[in-house]
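Please examine the sequence and the model shown below. The paragraphs that follow lead through selected features of the structure, one after another.

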Amino acid sequence: MADPYETLGVRKDASAKDIRDAYRRLAKKYHPDVNPGDTVAETKFKDISAAHALLSDTDKRARYDRGEIDATGQERGPAYGYSRTAQGQQGNPFEGQDFADLFGDLFNGGRPRGPAKGQSTRYQMTISFLEAVNGVPKKRITMPDGKAIDLQIPPGAESGQVLRLRGQGAPGHAGGPAGDVLIALSVAPHPIYRREEQTIHLDVPITYAEAVLGAKIEVPTPRGAVTVTVPPHSDSGTKLRLRGRGVPAHGGKAAGDAIVTLRLVLGTVDPALEAFLRDHQPEQSEANPRQSLLHDAA
């Protein structure tokens with residue numbers, strides 16, 4: 001696997017925010033939902049997710065920077081070889097080594113003989129839009145090895161976010177603690193909701209009569225349906241803000257809002273209304289609704 005810094009296109013001294021922003025930008029570009037059937041994009045997305053999973057973990061990133069683990073998070077075995085001395089001659093690679101310890105490491109596959117934490121296991125999981133927004137207190141999932149694990153999805157989860165299940169990974173060595181399970185989340189799109197940070201957007205159709213006369217209509221939100229007042233004389237494209245009906249509060253953030261955009265739908269036109277409009281003579285001449293469009297196009 002390539003260097004995770006190069007995969008995300010960030011410097012080695014990049015901040016946590018720089019890494020997160022780079023991941024979000026690339027994940028949106030290569031997400032499988034945006035590139036259906038594109039195996040190259042799918043592979044790129046997996047590499048990006050793995051790089052983000054490593055660099056977003058402070059401990060893993062520090063160990064990678066020190067050369068203790070590789071780009072996949074695996075432990076690096078000890079490397080023995082000849083090194084140049086200051087005089088340009090080859091020095092003894094075993095100088096100062098205890099031969100029993102040296103060969104003991106070699107015959108043990110390079111693993112330490114004392115207690116050591118087990119390897120962490122990484123997976124990627126797709127969750128629904130509503131699971132990501134509202135969170136799931138307890139979600140039972142079955143790992144590829146057949147092991148069932150209870151996972152908690154926090155409210156406001158996002159694509160690329162990594163959940164850590166401590167002690168659920170590979171068993172430790174010589175009595176050491178078990179490794180962790182790291183699950184990178186991918187959020188599936190929703191047919192009517194769109195998310196921007198903590199705000200939820202949705203388009204709601206209204207009839208001609210509701211637009212002209214105003215009305216009270218029921219509108220769905222990720223946290224349940226609510227009754228909304230449509231003001232009289234509402235144009236198509238009018239936006240209504242539903243405070244606190246967006247992404248729930250989490251981690252000290254205030255709950256987001258839901259933005260409802262009204263879309264006028266004529267549907268089946270009543271013949272009487274059609275005849276009225278044909279013969280209607282307004283008391284004042286109506287302004288051309290396309291005037292500004294024609295002006296800007298000139």
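Lys44 lies over the face of Tyr30, 5.8 Å from the ring centre. A charge is taken to sit over a ring if NZ of Lys or CZ of Arg is within 6 Å of the ring centre and within 35 degrees of the ring normal. The model is predicted, and local features need pLDDT of at least 70, side-chain atom pairs count only at pLDDT 80 or more, and totals for chains, interfaces and linings use all residues. Residues are numbered from 1 along each chain as its sequence is written, and side-chain values use heavy atoms, with hydrogens and water left out.

The aromatic rings come next. A pair of aromatic rings is described by the distance of the centres and the angle of the planes. Rings of Phe, Tyr and Trp (its six-membered ring) pair if their centres lie within 6.5 Å; planes under 30 degrees apart count as stacked, over 60 as edge-to-face and the rest as tilted. How many aromatic pairs does this rule give? The count comes to two. In one of them, the ring centres of Tyr5 and Tyr64 are 6.3 Å apart and the planes stand at 40°, so this pair is tilted. It links distant parts of the chain, since Tyr5 belongs to helix H1 (residues 4-8) and Tyr64 to helix H4 (residues 58-65), 59 residues apart. Helices (H or I, at least four residues) and strands (E, at least two) are DSSP runs, numbered from the N terminus. Tyr5 is buried, with a relative accessible area of 2%, and Tyr64 is buried as well, at 12%. Here buried means under 20% relative accessible area, exposed over 50%, and partly exposed in between (1.4 Å probe, protein chains only).

Phe129 and Tyr193 form a stacked aromatic pair, with 6.2 Å from centre to centre and 25° between the planes. This pair also links distant parts of the chain: Phe129 is in helix H6 (residues 129-134), Tyr193 is in the loop between strand S5 (181-187) and S6, and 64 residues separate them. Are Phe129 and Tyr193 buried or exposed? Phe129 is buried, with a relative accessible area of 9%, and Tyr193 counts as buried at 6%. Tyr193 has a further relation in space: its C-alpha lies 8.1 Å from that of Pro222, although the two residues are 29 apart in sequence.

The next subject is the open space in the model. Rolling a probe the size of a water molecule over the atoms shows where empty space is left. On a 1 Å grid over the protein atoms alone, a pocket is an open set of points where a 1.4 Å probe fits, with protein on both sides within 12 Å along at least five of seven lines; lining residues have an atom within 4 Å of a point. The largest pocket has a volume of about 660 Å³. Of the 22 residues that line the largest pocket, Lys28, Glu158, Ser159, Val187 and Arg195 are the closest to its centre. Helix H2 (16-30), H6 and S6 each supply at least two residues of this lining, and the largest share, four residues, comes from H2.

The second largest pocket holds about 370 Å³ of space. Its lining has 19 residues, of which His52, Ser56, Gly160, Gln161 and Val162 lie nearest its centre. H2, helix H3 (39-55), H4 and strand S4 (162-165) each supply at least two residues of the lining of the second largest pocket, and the largest share, five residues, comes from H2. Where does the second largest pocket lie? Domain 1 (4-66) and domain 2 (121-187) both give residues to its lining, so this pocket lies between them. The domain bounds come from an automatic or database domain assignment. Val162, in strand S4, is partly exposed, with a relative accessible area of 25%. The C-alpha atoms of Val162 and Arg122 are separated by 9.4 Å, while the residues are 40 apart along the chain.

Two backbone positions complete the account. Glu197 has a phi near 55°, a positive value in a residue other than glycine. Glu197 is placed in the loop between strand S6 (194-196) and strand S7 (199-206) and is exposed, with a relative accessible area of 53%. His233, likewise not a glycine, has a positive phi of about 65°. His233 lies in the loop between strand S9 (226-230) and strand S10 (239-242), and counts as exposed at 67% relative accessibility.

Methods
Points joined across faces, edges and corners; volume = space filled by probe spheres on them.
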